[in-house]
Amino acid sequence: IFDAVKRHLTHRGYQVTWVVNITDVDDKLIIEAANQKTSTVELAERITKDYLNAMKLLHVDGIDLMPKASEHIGDIVAIISTLIDKGCAYVSGGDVYFDVSSDEDYGRLSGRATADQEGQRALKSAEKRNPGDFALWKAAKPEEPAEVRYPSPWGEGRPGWHIECSAMASRYLGETFDIHGGGPDLIFPHHENEIAQSESASGRPFAR
């Protein structure tokens, strides 16, 4: 779909930079790698290769940049640190959560109010302030492999999925860019959380 969008915009005379990020650090990846008795690195590389082969068969050739989350841990840690400094995020037992109550506009994309988040995520009183608070950084668990353990000011761990995308988007497209793509199944919570954390960190609109 977005290859067609880029082709149309280019035909209209626009200069387009299309970034498609690779989520090679993720909870589902860790679980599936364990199920397949392989490493997260091998699994991510294999799935990425399959994806690129599919794109080639579909004649999708307009992707300009394909950054990997694992190569942008420093950018991710920097954004999280900014959010903590601004009072929009907090550390809890080695994890870092975004405080949804700090964002008055949270829910404007999906139409979900903060009060609607009850039941969306398990709430343990010792961990999160609000049920809708989402993880920016997840402390490493003893059973997890070494390749998903990254250093941070809050201890070894890994980033949450949402913050990975915000970090890579801002690195290659700036704090504000024109079009953010994705399927409607990602509107909540992924895109909603991207907007909240990105705009809270930068003080600027995320995508036009």
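Colleague: Before we turn to the model, what counts as a pocket here?

Modeller: On a 1 Å grid over the protein atoms alone, a pocket is an open set of points with protein on both sides within 12 Å along at least five of seven lines. The structure to which this is applied is a predicted model. A cavity, by contrast, is a set of points where a 1.4 Å probe fits but cannot get out, whereas the open set is the pocket.

Colleague: What is the volume of the second largest pocket, and which residues lie nearest its centre?

Modeller: The volume of the second largest pocket is about 220 Å³. Its lining divides into six nonpolar, five polar and three charged residues. Of the 14 residues that line this pocket, those nearest its centre are Leu109, His180, His191, Ile195 and Ala207.

Colleague: How are helices H4 and H6 oriented to each other, and which residues make their contact?

Modeller: The axes of H4, which spans residues 73–85, and H6, which spans residues 187–202, come within 9 Å and cross at roughly 70 degrees. Because angles of 65 to 115 degrees count as roughly perpendicular, H4 is roughly perpendicular to H6. The residues of this contact divide into three nonpolar, three polar and no charged. They are Ile79, Thr82 and Leu83 on the side of H4, and Gln197, Ser200 and Ala201 on the side of H6.

Colleague: Which peptide bond is cis, and in which helix does its proline lie?

Modeller: The bond that joins Phe188 and Pro189 is cis, with omega about 5 degrees. As for its place in the fold, Pro189 lies in helix H6.

Colleague: At what angle do H2 and H3 pack, and which residue classes make up their contact?

Modeller: H2 and H3, the latter covering residues 40–57, have axes 9 Å apart and pack at an angle of about 105 degrees, which makes H2 roughly perpendicular to H3. H2 contributes Leu29, Ile30, Glu32 and Ala33 to the contact, and H3 contributes Thr40, Leu43 and Ala44. By class, the contact has five nonpolar, one polar and one charged residues.

Colleague: Where does Lys37 lie, and what is its phi?

Modeller: Lys37 is placed in the loop between H2 and H3. Its phi is positive, in a residue other than glycine, with a value near 55 degrees.

Colleague: Which backbone nitrogen lies 3.1 Å from a polar atom of the side chain of Asp26?

Modeller: Asp26 itself is in the loop between helix H1 (2–11) and helix H2 (27–35). The backbone nitrogen at 3.1 Å from a polar atom of its side chain belongs to Lys28.

Note on methods:
Residues are numbered from 1 along each chain as its sequence is written. This is a predicted model: local features need pLDDT of at least 70, side-chain atom pairs count only at pLDDT 80 or more; totals for chains, interfaces and linings use all residues. Side-chain values use heavy atoms; hydrogens and water are left out. On a 1 Å grid over the protein atoms alone, a cavity is a set of points where a 1.4 Å probe fits but cannot get out, and a pocket is an open set with protein on both sides within 12 Å along at least five of seven lines; lining residues have an atom within 4 Å of a point. Grid points are joined across faces, edges and corners, and a volume is the space filled by probe spheres set on the points. Ala, Val, Leu, Ile, Met, Phe, Trp, Tyr, Cys and Pro count as nonpolar, Asp, Glu, Lys and Arg as charged, and the others, Gly among them, as polar. Axes are lines fitted to C-alpha atoms, for helices over the stretch in contact, and angles run from 0 to 180 degrees between N-to-C directions. Helices (H or I, at least four residues) and strands (E, at least two) are DSSP runs, numbered from the N terminus. Angles under 35 degrees count as roughly parallel, over 145 as roughly antiparallel, 65 to 115 as roughly perpendicular and the rest as oblique. Contact means heavy atoms within 4.5 Å. A polar contact is a pair of N or O atoms within 3.5 Å; within protein, one must be able to donate a hydrogen and the other to accept it, and residues adjacent in sequence count only if both atoms are side-chain atoms.
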